[in-house]
Amino acid sequence: MNAEELKDRLCAQYPDLCESLSIESGRATLVVAAQDLHACAADLKDMGFDFLEMLTALDWGDEFELVYLLRSHEMAVSMFAKCRVLRDAPRVASLVDVWPAANWHEREVFDLFGISFDGHPDLRRLLLPEDWSGHPLRKDYEDERIVRRPDYI
Amino acid sequence: MAIIDDLGASLEKLPGGGVALTTLDGFMGWSRSMSEWTYPLGTACCAMEYIASSFSRFDFDRHGSIPRSDPRHCDVMVVAGTITRKMAPVLKRLYEQMPDPKWVIAMGNCTVSGGIFYYDSYSVVRGIDEIVPVDIYLAGCPPRPEAFQDAVLQLRAKIKAHSIAPSNERPVRSTLPNADTPRKGEGIAEGGERS
Ligand code: SF4
């Protein structure tokens, strides 16, 4: 399967996602709804995306955006799968059963953004000490020990 | 070291003990300063400079400063690299494991003040002197091996001046210019020689 066939197949499977799908220079972007995330991830793995390179998140104010970077070695295509969750209910399905590599990545995102992953086998903080409170990569994180950069720098 | 410290305290009280004490101080200071077993706590990029220093090009063995990987064998701790809040208790524990007398060199801006992580960082300790007492502050991001060499030599001067009797401490004059010393260029312009 090459990139064009991949696009056809994805469009056939997800007609309503077809518009948001773009494949340029071996790099595809797919925007998924949070409730479809797990099913979609399993499909993508079947299509040949056998490697989860990275998982991170962004804070957009009232929403968080999860970014999964997938790689297919066979098709030589990378894909960004993006998924938005509401800040008030930051929960998505865990993808550990699809790509085991997601385990520590999800722990890291949980640690720094406070997004919960349903079905994760061991959702603990990964980088910060266990007794830390708060999730420091959220834009509204407050900590009295932080020294803010003054304006003149 | 407890025996030596008691000896120092009791020698001071004896008549004529001061002479013996000074001689003993000189000997202790000389022998301690010539053999600094360093414990490298390399946590970030500064550790690369430390490693470069200890290899053959800069050859720190000639100062008698030999790195060992166990704090219980060492008397100088070189903290080279960023110390995060998660690492802070580890640093404290390693310091406590070192036998007395012990000294600490804070190598690099991160350990001096937090360095480039001073502002807006949620995770970095702003200077290891929040955790352990520091003898030599070595600025630089990272400091060059020559700067580290200077730090070792200054520490050596400090160790030499250290007395085994608690009340017999002598102050150490730093060889670094003070804040009110004219800078090199200005001094040359006025007096023709380095101030
Ligand atoms: S002072 Fe600079 S070189 Fe040294 S650990 Fe910090 S950031 Fe790295």
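Helices, which are DSSP runs of H or I with at least four residues, and strands, which are DSSP runs of E with at least two, are numbered from the N terminus. This is a predicted model, in which local features need pLDDT of at least 70 and side-chain atom pairs count only at pLDDT 80 or more, while totals for chains, interfaces and linings use all residues. Residues are numbered from 1 along each chain as its sequence is written, chains are lettered from A and ligands numbered from 1 in the order in which they are written, and side-chain values use heavy atoms, with hydrogens and water left out.

**View 1. Chain A and its elements.** Chain A holds three helices and seven strands, and from the N terminus on they follow the order α-β-β-α-β-β-β-β-α-β. The C-alpha trace of chain A spans about 55 × 40 × 25 Å along its principal axes. Of the 153 residues in chain A, 44% are buried, a word that stands for under 20% relative accessible area, with exposed meaning over 50% and partly exposed lying in between (1.4 Å probe, protein chains only).

**View 2. The largest nonpolar core.** A nonpolar core is a set of buried Ala, Val, Leu, Ile, Met, Phe, Trp, Tyr and Cys residues joined through side-chain atoms within 4.5 Å. The largest one has 41 residues, and those with the most contacts inside it are A:L44, A:L66, A:Y68 and A:I115. Among the elements of chain A that give two or more residues to this core are helix 1 (3-13), helix 2 (37-46) and strand 5 (77-86), and strand 5 of chain A gives the most, with five residues.

**View 3. The surroundings of A:I115.** If neighbours within four places in sequence are left aside, A:I115 is in contact with A:A57, A:F64, A:L66, A:P90, A:V92, A:V109 and A:F110, where contact means heavy atoms within 4.5 Å.

**View 4. The sheet of chain B.** Five strands of chain B form an open sheet in the order 2-1-3-4-5, with parallel pairing, and two strands count as a pair if DSSP finds at least two bridges between them. The edge strands, each pairing on one side only, are strand 2 (65-67) and strand 5 (136-138) of chain B. Strand 1 (residues 36-42) of chain B pairs with strand 2 of chain B over three bridges in the parallel sense, and B:T38 has B:P67 in strand 2 of chain B as its bridge partner.
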